[in-house]
Number of protein chains: 2
Amino acid sequence: MERVFHLNLDDVLRLVRAALESGDQTQAVALIQALRPADQADVFSELADQEQASLLPNLAPEDSADILEELEDEEAVELAEALSDADLARIVNEMEPDEAADLLGDLPDARAEAILNSMEDSEEVRPLLMHADESAGGLMTTDFLVLRPRMRVSEALMAIRQLAPKDSAETLYNLYVVDTAGILRGVVSLYQLLQADPAARVGDVMEADVLSARADEDREVAAGLMTRYDLLSLPVVDSTNRLLGIITHDDFVDIVEEETTEDIQMMGGSAPLDGPYLDIPVVRVARKRVGWLMLLFITGTLTGTVMRWFADDLEAVVALAFFIPLLIGTGGNAGSQTTATIIRSIAVGDVRWRDGLAVLWHELRIGILLGAAMALFGFVRAILWGTGYDVGFAVAASLLVVVTWAVTVGSLLPLLATKLRFDPAMVSGPLMSTLVDATGLLIYLSVAKLMLSL
Amino acid sequence: MERVFHLNLDDVLRLVRAALESGDQTQAVALIQALRPADQADVFSELADQEQASLLPNLAPEDSADILEELEDEEAVELAEALSDADLARIVNEMEPDEAADLLGDLPDARAEAILNSMEDSEEVRPLLMHADESAGGLMTTDFLVLRPRMRVSEALMAIRQLAPKDSAETLYNLYVVDTAGILRGVVSLYQLLQADPAARVGDVMEADVLSARADEDREVAAGLMTRYDLLSLPVVDSTNRLLGIITHDDFVDIVEEETTEDIQMMGGSAPLDGPYLDIPVVRVARKRVGWLMLLFITGTLTGTVMRWFADDLEAVVALAFFIPLLIGTGGNAGSQTTATIIRSIAVGDVRWRDGLAVLWHELRIGILLGAAMALFGFVRAILWGTGYDVGFAVAASLLVVVTWAVTVGSLLPLLATKLRFDPAMVSGPLMSTLVDATGLLIYLSVAKLMLSL
């Protein structure tokens with residue numbers, strides 16, 4: 001049995017750099033090839049661009065392929081652009097078809113065509129280039145083994161032993177069964193085959209009730225099915241139920257991670273970044289954020305409009321102004337809490353558009369409870385601050401109304417977004433706060449004007 | 001080949017209810033048993049508590065076990081409490097050991113002990129009760145097959161055919177190899193066994209370099225390893241590397257989903273909910289939110305303090321007040337964008353505490369770019385609004401400083417949280433905005449006072 005040694009990535013990186021500096025490419029290659037793909041990619045992306053481009057053609061094509069698969073899309077494209085057509089074609093040839101299609105799709109058309117033409121077998125990759133990145137078809141691999149219903153179990157096992165695509169064990173946990181027209185008829189797990197009578201027919205062992213995704217469906221739908229039913233892989237079919245490809249476990253993990261990133265960035269009010277944070281140029285990050293920031297600024301100017309309406313009242317009782325940031329801030333916070341809850345409930349399938357009224361009734365009561373608590377709390381705080389009882393009462397009453405209002409709006413916005421087919425994460429956080437700012441201000445100043453008889 | 005019919009869940013639910021109303025339990029049972037576990041649980045949780053408790057003992061114990069596993073924790077406990085000890089023991093007996101331990105851990109100690117005593121084989125569940133819910137040990141199953149290095153491949157395959165625990169195919173994609181002391185020595189996939197020479201020794205076919213998690217490590221560490229290396233299962237060991245259990249794919253999917261929920265709720269400034277949204281009583285949701293809201297309110301009162309310092313200036317130039325919500329709102333938005341990006345970069349491992357200076361330098365430049373853009377934009381907006389040039393310039397200069405400051409703070413807060421071992425998601429959104437509100441106000445009013453020579 002081999003002994004196992006543990007080095008952390010920084011040690012490996014230091015050794016690789018030392019080897020490269022002393023001109024010992026062989027040593028650097030050996031170090032990198034000893035790592036797991038995800039770690040290879042990490043070490044690799046820490047190297048200078050020139051070091052990467054000179055090192056990659058010296059690695060075995062399978063290792064280079066693994067690294068290109070594991071790198072962030074942007075980094076992979078940069079690296080691909082620095083390689084010769086021949087080197088790149090040799091590496092792409094070893095990539096999983098779905099990953100190869102992703103990379104080629106990000107290259108200029110002429111370059112992609114040149115690479116496809118120099119590849120040994122491009123026929124697995126070409127059809128994948130038609131599918132949108134965000135669709136189920138854009139995720140699937142076309143490199144897999146299918147079984148026929150009339151095959152015997154022993155023949156199926158033999159086929160798996162001899163014909164299964166190398167390096168793609170992840171397509172073999174579930175084997176899909178198709179008829180002569182390529183129509184998906186069933187699924188059987190490797191384990192079921194192993195336990196079945198070798199003389200039985202695959203068609204009698206398989207499960208005919210097999211879940212699948214349409215190639216043109218959003219990849220989130222596919223990921224949702226895999227999460228809900230704990231599936232290790234999911235077949236992708238066309239509109240006639242013909243089997244086109246398989247989404248495997250590793251792709252599933254990638255989607256879940258990317259979709260979570262997208263949601264969290266969107267909740268923060270920014271377009272998602274497409275690479276490792278520190279590698280993305282400052283100007284590009286700024287560009288991703290500035291549009292949203294300006295949109296929110298324009299919406300935010302409504303607050304100024306509202307304040308102008310009440311200019312005289314604010315001049316009369318300056319103490320009212322002191323509570324403005326606090327009041328609208330509390331409204332925004334109460335709304336954000338609600339929005340985050342509802343967005344998540346929509347994502348996990350607890351809540352749908354038609355639950356709107358139930359959600360509204362639920363949150364209205366929560367809002368009144370929270371509003372009452374904050375009103376009491378705010379009143380005490382105002383009095384302790386030495387504010388007069390009149391302004392204190394106005395602040396308390398406003399808190400009750402503003403919090404209830406913010407919670408209600410916060411619950412409806414994500415549902416409305418879903419109905420209008422936006423991503424509900426888009427309306428959370430910043431957009432919510434900005435909308436509640438102006439309306440909260442209007443509520444506060446109106447209530448105050450009324451209660452203080454201004 | 002069997003025909004497949006598709007009904008949506010609402011149809012099934014209607015049929016089940018109709019069957020129950022007409023007293024036809026057999027029909028209701030047949031309908032539910034025809035569904036997949038996740039769907040069974042969905043239909044089930046829509047039924048009234050009493051219907052659930054009367055129906056469950058009539059289902060096959062394996063189906064009841066599936067349903068209890070798929071239900072949200074809170075719902076499962078409620079249902080368990082309505083069942084007799086004998087019924088519950090029979091169902092828990094069929095649950096996966098890790099799920100059984102979770103459920104028993106949520107029941108009162110005396111009840112859990114009674115159930116364990118009435119179970120056929122409780123020895124797989126008992127040791128799991130020691131592990132914390134949030135630890136790797138709390139996720140693992142103890143119901144799995146191990147191989148020995150000296151076994152022949154043919155013997156291993158025979159053992160898998162004959163001894164493998166029924167209903168747990170997910171523990172069989174990767175088989176773990178232990179020595180006579182139970183120490184983890186390697187891993188081999190079912191597919192590798194199938195392709196290997198039947199006469200070979202498992203020790204020669206397996207990979208000795210096997211990743212594992214310590215039972216007392218946080219479950220997020222385990223999930224992180226599984227995501228990074230695309231693992232279908234992960235062995236859990238004690239401090240001497242003795243194999244204690246396996247975390248399987250379905251548990252992994254559950255953690256990822258729960259941890260995402262936790263992050264998103266926390267970013268919204270609320271403690272995570274522990275059940276399906278609409279089922280949680282209003283008062284409990286309000287209690288989860290009110291603490292955070294009050295804390296933010298107290299922090300928010302700082303804005304009032306700042307405004308008091310500048311009361312005379314605000315009275316002199318009321319137009320200054322009109323821009324307050326807009327300015328602090330923009331600061332909060334710019335900060336939220338940054339925080340969301342950094343939180344996610346920390347989560348996926350792009351950024352660590354020691355990258356602090358690099359992050360700061362990155363965001364400082366982004367902040368200045370964004371601040372300059374917003375200053376220009378804000379100035380134009382102020383002039384179009386008919387505000388004087390002097391106030392317009394003060395607003396523009398403040399926007400530059402406030403946005404730069406908010407972006408800088410927004411980048412450092414999540415890193416600081418990580419360093420202090422808080423969840424970075426906690427400091428995002430509401431907390432960020434509230435902190436930037438007071439400081440942004442201070443910056444704005446100071447800049448304005450200076451520029452307008454008040």
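**Exercise 1. Determine which residue takes a positive phi in the hairpin of β5(A) and β6(A).**

*Solution.* The residue is N241(A), with a positive phi near 70°, in a hairpin that has five residues between the strands. The model is predicted: local features need pLDDT of at least 70 and side-chain atom pairs pLDDT 80 or more, whereas totals for chains, interfaces and linings use all residues. Residues are numbered from 1 along each chain as its sequence is written, and chains are lettered from A and ligands numbered from 1 in the order in which they are written. Strands are DSSP runs of E with at least two residues, helices are runs of H or I with at least four, and both are numbered from the N terminus.

**Exercise 2. Identify the pairing partners of β5(A), and state whether its residues are buried or exposed.**

*Solution.* Step 1: two strands pair if DSSP finds at least two bridges between them. Strand β4 (residues 213-214) of chain A runs parallel to β5(A), joined by two bridges; R214(A) has V237(A) as its bridge partner.

Step 1: strand β6 (residues 243-247) of chain A is antiparallel to β5(A), with four bridges. Here L234(A) is partnered by I247(A).

Step 2: in a regular strand the side chains alternate between the two faces of the sheet. In β5 (residues 234-237) of chain A, L234(A) and V236(A) lie on one side, P235(A) and V237(A) on the other, and all are buried. A residue counts as buried if 20 or more other C-beta atoms, placed from the backbone, lie within 10 Å of its own.

**Exercise 3. Give the strand order of the open three-stranded sheet of chain A.**

*Solution.* Step 1: the order is β1-β2-β3, with mixed pairing. Step 2: β1 (146-147) and β3 (184-189) of chain A are the edge strands, each pairing on one side only. Step 3: β1(A) pairs in the parallel sense with β2 (residues 174-178) of chain A over two bridges, and V146(A) stands opposite Y176(A).

**Exercise 4. Describe the contact between the chains and the relation that superposes chain A on chain B.**

*Solution.* Step 1: with contact defined as C-beta atoms, placed from the backbone, within 7 Å, 105 residues of chain A and 104 of chain B take part. Helix α18 (residues 324-347) of chain A supplies the largest share of chain A's side, 17 residues.

Step 1: The same surface serves both copies, as 99% of the contact residues of chain A recur in chain B.

How values were computed: Two residues are in contact if their C-beta atoms, placed from the backbone, lie within 7 Å. A residue is buried if 20 or more other C-beta atoms lie within 10 Å of its own, exposed if 12 or fewer, and partly exposed in between; C-beta atoms are placed from the backbone. Copies are superposed by least squares on the C-alpha atoms of residues with pLDDT of at least 70 in both.
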